[in-house]
Amino acid sequence: MPAFPETLPTVCEDEVLLNDWFPVGYSSDFEKGKIAPVRLLDRDLIAWRDDAGEIHVWEDLCIHRGARLSKGCIRDNQVVCPYHGWRYNSRGECTLIPAAPRETPMRKARAFSHHVAERYGFVWTCLGDNPGEIAPFPEWDDERFQKVLCGPYPYNANGYRAVENFVDATHFPFVHAGLNGVMENPDEIAPYTVEIGDEGVVSSEVRVFQPWGDARGIPVVGFYTYKCLRPLLARFSKRVLKADENGTPVDNNSEYFATLFTVQPLSATECIVRICSATDLQPAPTAAAVRERADVVFNQDRVIVETQRPERIPTHLRYELHHRTDLMGQKYRTWLRSLGITYGTI
C-alpha cells in the first residue's frame with residue numbers, strides 16, 4: 001500500500017521532512033479505547049493505542065468511501081469506520097465488512113499506516129518510507145537529571161521561526177525581561193562560533209545573565225550551547241553558575257540545564273511546541289514550578305513569533321537583515337536551504 005492515499009494531495013514533498021520524526025503528542029495523551037485526531041505536515045491523521053499498549057498512527061481516512069476514521073470508535077480492539085462500520089485491526093487490515101459479513105475483505109482494504117515510536121515521553125511519527133533514527137537526548141536516561149515535560153504550546157506561526165527564536169539569546173532582555181534578561185541593561189553578546197556538521201547546527205557557548213534563570217527563582221549566569229538537531233528539532237544545554245543581583249558569579253560550581261525543543265508542524269504556518277526539560281539543579285525545583293516557568297517563557301515567545309512576517313521563513317539571507325549576533329539563525333537558515341527544504345520557506 002502507498003504511504004499516502006492517491007486521492008489526497010501531498011502538500012509537503014520534501015524528502016528530508018517526510019523521512020524525519022515528529023512528536024504528535026505526549027505518550028500520556030493516548031489512552032486505550034480512544035481515537036485521537038492529530039495533524040502533521042498538512043495531513044489529517046489518527047492515533048490510537050491497542051489493548052497491548054502499542055500506539056498506531058494512520059491516515060484519518062477509510063479507503064472504502066473516504067470517511068474520517070476519527071469520527072469512528074474502537075470496538076474489540078479494532079477501529080470502526082463511522083460510515084459503513086468497516087473494522088480495521090492493529091495491523092491495519094480490514095477484518096469485517098458488515099454489509100457482507102461472510103466475505104473475506106479484499107487485501108486492498110487496509111488503513112494507511114505510518115511509522116510510530118515512543119521516546120522521551122513523546123509519541124513520534126514519520127510519514128516517509130525511510131525513517132532514520134530519532135535524535136538523541138542523552139539526559140533522558142541519566143538518573144542525575146530531573147526530567148519534566150512542558151506544554152503543549154500552539155503557535156499560530158511557522159515552525160522554523162519557532163526554532164530560530166529558541167536558539168536566539170539576544171531577545172532575552174526584551175521578550176523575557178526580569179526572567180532571562182534585564183531590559184535596562186541587556187547583555188552584550190560576545191562573538192561566538194557556529195559549525196554545521198553531523199550533529200546539525202551547533203554553537204559555542206553564549207554567555208548571558210538571567211535574574212530569574214530557572215524555576216528556583218534565583219539569579220544565574222548561563223552559558224548556552226545551542227544545537228539544531230533536525231530542521232524542526234533543537235536543544236540547548238546551559239551551564240549554570242549562581243550569581244548575585246548584578247550578574248557576578250558567587251561560586252564556581254556549575255550546574256546543568258538542558259531542554260529538548262520539539263515542533264509538530266501542523267501546516268506551513270501553524271505548529272505545536274512541546275519541550276522536555278532536564279536539570280541537575282540543587283535544590284531541585286518541583287515539576288510544577290518547572291512547568292509554570294516554562295509556560296510563561298514559551299508563551300512570551302509565542303506572542304512574538306506569531307507577529308513575524310513573512311510567515312514562512314526566508315532561507316536566502318538577503319531577504320532580511322542580519323547581525324553577527326544572529327550567527328546561529330543565519331547558519332540555521334543556510335542549513336535548511338542546503339537540505340533542499342521548500343515546505344514552509346521562501
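The structure is a predicted model, in which local features need pLDDT of at least 70 and side-chain atom pairs count only at pLDDT 80 or more, whereas totals for chains, interfaces and linings use all residues. Residues are numbered from 1 along each chain as its sequence is written, and side-chain values use heavy atoms, with hydrogens and water left out.

Helices and strands are DSSP runs, numbered from the N terminus (helices: H or I, at least four residues; strands: E, at least two). Helix α4 comprises residues 287-305. Its 19 residues should span 27 Å at 1.5 Å a residue, and the end C-alpha atoms are 26 Å apart, which agrees. The expected span of a helix is 1.5 Å times one less than its number of residues. Within α4, the residues V290, R293, A294, V297, F298, D301 and V305 are buried. Buried means under 20% relative accessible area, exposed over 50%, and partly exposed in between (1.4 Å probe, protein chains only). Seen down the axis of α4, the buried residues fall within an arc of 115°, so they line one face of the helix; the arc is that of the directions from the helix axis to the C-beta atoms. On the other side of α4, A288 and E292 are exposed.

The buried residues of α4 pack against strands β11 (146-155), β17 (255-267) and β18 (270-279), and against helices α2 (159-166) and α3 (172-175). The largest nonpolar core has 63 residues, and those with the most contacts inside it are Y155, Y160, F261 and F298. To this core α4 gives the most, with five residues. A nonpolar core is a set of buried Ala, Val, Leu, Ile, Met, Phe, Trp, Tyr and Cys residues joined through side-chain atoms within 4.5 Å. With residues up to four places away in sequence not counted, F298 touches Y153, Y155, F166, F261 and I275, where contact means heavy atoms within 4.5 Å.

Helix α5 (residues 327-338) has 12 residues and reaches 16 Å from its first C-alpha to its last, close to the 16 Å expected. Its buried residues are M328, G329, Q330, Y332, R333, W335 and L336. Among the elements that cover them are α2, β12 (194-197), β13 (200-203) and β15 (220-230). Just after α5, G340 takes a positive phi of about 80°.

Two histidines lie in strands. H114 is placed in strand β9 (residues 113-119) and counts as buried because its relative accessibility is 9%. A polar contact of 2.9 Å joins its side chain to that of E59. A polar contact is a pair of N or O atoms within 3.5 Å; within protein, one must be able to donate a hydrogen and the other to accept it, and residues adjacent in sequence count only if both atoms are side-chain atoms. H56 lies in strand β4 (residues 55-59) and, at 13% relative accessibility, also counts as buried. The side chain of H56 reaches the backbone oxygen of S90 at 3.4 Å.

An open sheet of four strands has the order β5-β6-β7-β8, with antiparallel pairing. Its edge strands, β5 (73-75) and β8 (94-96), each pair on one side only. Two strands pair if DSSP finds at least two bridges between them; β5 and β6 (residues 78-80) pair over three bridges. R75 stands opposite Q78 in β6.
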